[in-house]
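I opened this entry to record what I looked up, in the order I looked it up.

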Protein chains: 2
Amino acid sequence: VSDFRTDRDRDGRLVVFDGRGASNARAHEGRIWLVGAGPGDPELLTLKAARVLAGAEVLIHDRLIPDAILDLAPPTARRIFVGKRKAHHSVPQDEINGLLVALALEGFEVVRLKGGDPFIFGRGGEELAAARAAGVPCEVVPGVSAGIAASASTGAPLTHRGLAQAVTFVTGHAAPDGGEGWSEPVLDWAALARPNHTVVVYMGVSTAAVIARRLTEAGRAPQTPALIVENASRPDERRLLTTIAGLAEAAGEIHGPAVLIVGEIAALADIEGVVDRAALEVPDWKRA
Amino acid sequence: VSDFRTDRDRDGRLVVFDGRGASNARAHEGRIWLVGAGPGDPELLTLKAARVLAGAEVLIHDRLIPDAILDLAPPTARRIFVGKRKAHHSVPQDEINGLLVALALEGFEVVRLKGGDPFIFGRGGEELAAARAAGVPCEVVPGVSAGIAASASTGAPLTHRGLAQAVTFVTGHAAPDGGEGWSEPVLDWAALARPNHTVVVYMGVSTAAVIARRLTEAGRAPQTPALIVENASRPDERRLLTTIAGLAEAAGEIHGPAVLIVGEIAALADIEGVVDRAALEVPDWKRA
């Protein structure tokens, strides 16, 4: 499944194989950095993330992190990919936790690079918990989350006077791992259905149909604007402006990573091409 | 109230006075950049924000932006402060909108620098709307919002498996400007009171008592962990871990800008000093 494995050399030191040969074990105290890589545009990395990357000895990363960011690590840094590959599952979270801790205990400066922000649907909390349990120093570097980047690049403000007094981030990922056979995301639909409230859905493309249905059943107007932003902040960013009623059909056109932004403010997005804004339930004066 | 004023010279060109003398009008097309300065730590600025600042001709900023960030603008850039001063109100939003547009129409590269992210309680949407209405190009550069920075620096993940499947950002600011005499924030308390849901409150210190009361009345357990982070990411960052029941008292100790993080995950914050974790309603195994 994954390309790396660890072993002990004849002196008992940890050795990591990742297809480029074994690493060398180190003497000084190691540390884990949980670093947000931002939404994709390398310029949306923080200065701190860039500095931490430049000091990486081991770089453990997901997919979708562009080379321009990975290449900020020194050429001598060992890169370990733990994301999902075609026809492969991603490395299990427990295995990632164990790898981070083992490498840090061995004395490495370990940079765990994650898309967006480590603590917004990034499972960074589980990695931090593993580090704490092992007594390994761990610092978190926040990043620009995909939903916030999508808001900035489309010009649809997540909060806006008169239109959105709150914004909620949820995941549309249906979690079958509870052993209960969940086939849809378990969300508080009544809360999400309130008006004047922006809902940002991560990993919601494949479950867009059920999200739209549940929001409507819970009372949110079917004509509420809904925006899909694929590859936010990247050169191939794509935006589809629709309504909750049209969400499922629009999501069918999306094949890359995307966020859904549902709420009155979605109508403020700067969209090229033909959009039937008349179908959107937003007063005219509120359209910038 | 504010230190700047605008005028026309004898050729009809706009001139801006800000206490340092008049600016010179320009010939080329201007532009507005709405830039998130992040939470305060200059290293949490994005690379893009740093680049845009370096090209600023006029820099319009709020309070609480550290000099290390402001100084990324060239020394020749004109700085205009529009934030709140002691015993003064801040510049009204309409006036800021007008200033941004007037300067951009005059041909300047105008950088509007805002704490955190421009679109999370930053009123950036109103500035973008003014730019669009005037036909002025406007680009938004997202930033690390204060709540996300507070999460990273304290190690309390805003979402966390089993503890928080959603996170909502609200403002605790009571808005009396609707002419209806509001004395408390107008929020959807029932939605915010659901368990396994993180609530991040901006500008909530002065209204912490009413926030705690309304959350409790709406059904959230009084022993739900609550974290106050003052000056998140700055050298003088301070953290108070309490419960909803203790929120008002803890908020009384806070004098700087702060975010409240309410929810089960707040108990995971890394806090020095004495905290009665036994009073927090979080299962032991979930405490990292």
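**Entry 1: the interface**

I noted at the outset that this is a predicted model. I then looked up how many residues take part in the contact between the chains. On the chain B side there are 54 residues, in contact with 53 residues of chain A.

I wanted a size next. The size of an interface is often given as the accessible area lost when the parts come together. For chain B and chain A I found about 4,300 Å² buried between them, with 60% of it on carbon and sulfur atoms.

**Entry 2: charged and polar pairs**

I looked up the salt bridges between chain B and chain A and found four. For polar contact across the interface of chain B and chain A, the count is 23 residue pairs.

**Entry 3: what chain B brings**

Which elements of chain B supply at least two residues each to the side that touches chain A? I listed helix H1 (47-54), helix H4 (124-134), helix H5 (146-154) and helix H6 (189-192), along with strand E7 (138-141) and strand E8 (166-171). E8(B) gives the largest share of that side, six residues. By residue class, the side of chain B that touches chain A holds 30 nonpolar, 11 polar and 13 charged residues.

**Entry 4: strand to strand across the chains**

I followed E8(B) to its partner in the other chain. Strand E8 (residues 166-171) of chain A is joined to E8(B) by five bridges, and the two run antiparallel. Within this pairing, I found B:Val167 as the bridge partner of A:Phe169.

**Entry 5: the whole sheet**

I then traced the strand order. The sheet is open, has 10 strands with mixed pairing, and reads E11(A)-E10(A)-E12(A)-E9(A)-E8(A)-E8(B)-E9(B)-E12(B)-E10(B)-E11(B). At the edges I found strand E11 (238-243) of chain A and strand E11 (238-243) of chain B, each pairing on one side only. From one strand to the next the twist averages 15°.

In chain B I checked strand E10 (residues 225-230) against strand E12 (residues 258-262): they pair in the antiparallel sense over five bridges. There B:Leu227 stands opposite B:Ile261 of E12(B).

Last, I looked up what packs on the sheet from chain A. Helix H5 (residues 146-154) of chain A does so, touching E8, E9, E10, E11 and E12 of chain A. The direction of this helix makes about 70° with that of E12(A).

Conventions. Residues numbered from 1 in each chain as written. Chains lettered and ligands numbered in written order. Predicted model: local features only at pLDDT ≥ 70, side-chain atom pairs only at ≥ 80, totals over all residues. Heavy atoms only, no water. Contact = heavy atoms within 4.5 Å. Buried area = accessible area lost by both parts, 1.4 Å probe. Salt bridge = Lys/Arg side-chain N within 4 Å of Asp/Glu carboxyl O. Polar contact = N/O pair within 3.5 Å; in protein donor to acceptor, adjacent residues only side chain to side chain. Helix = DSSP H or I, 4+ residues; strand = E, 2+ residues; numbered from the N terminus. Nonpolar A, V, L, I, M, F, W, Y, C, P; charged D, E, K, R; others polar. Pairing = 2+ DSSP bridges. Axes fitted to C-alpha atoms, helices over the stretch in contact; angles between N-to-C directions.
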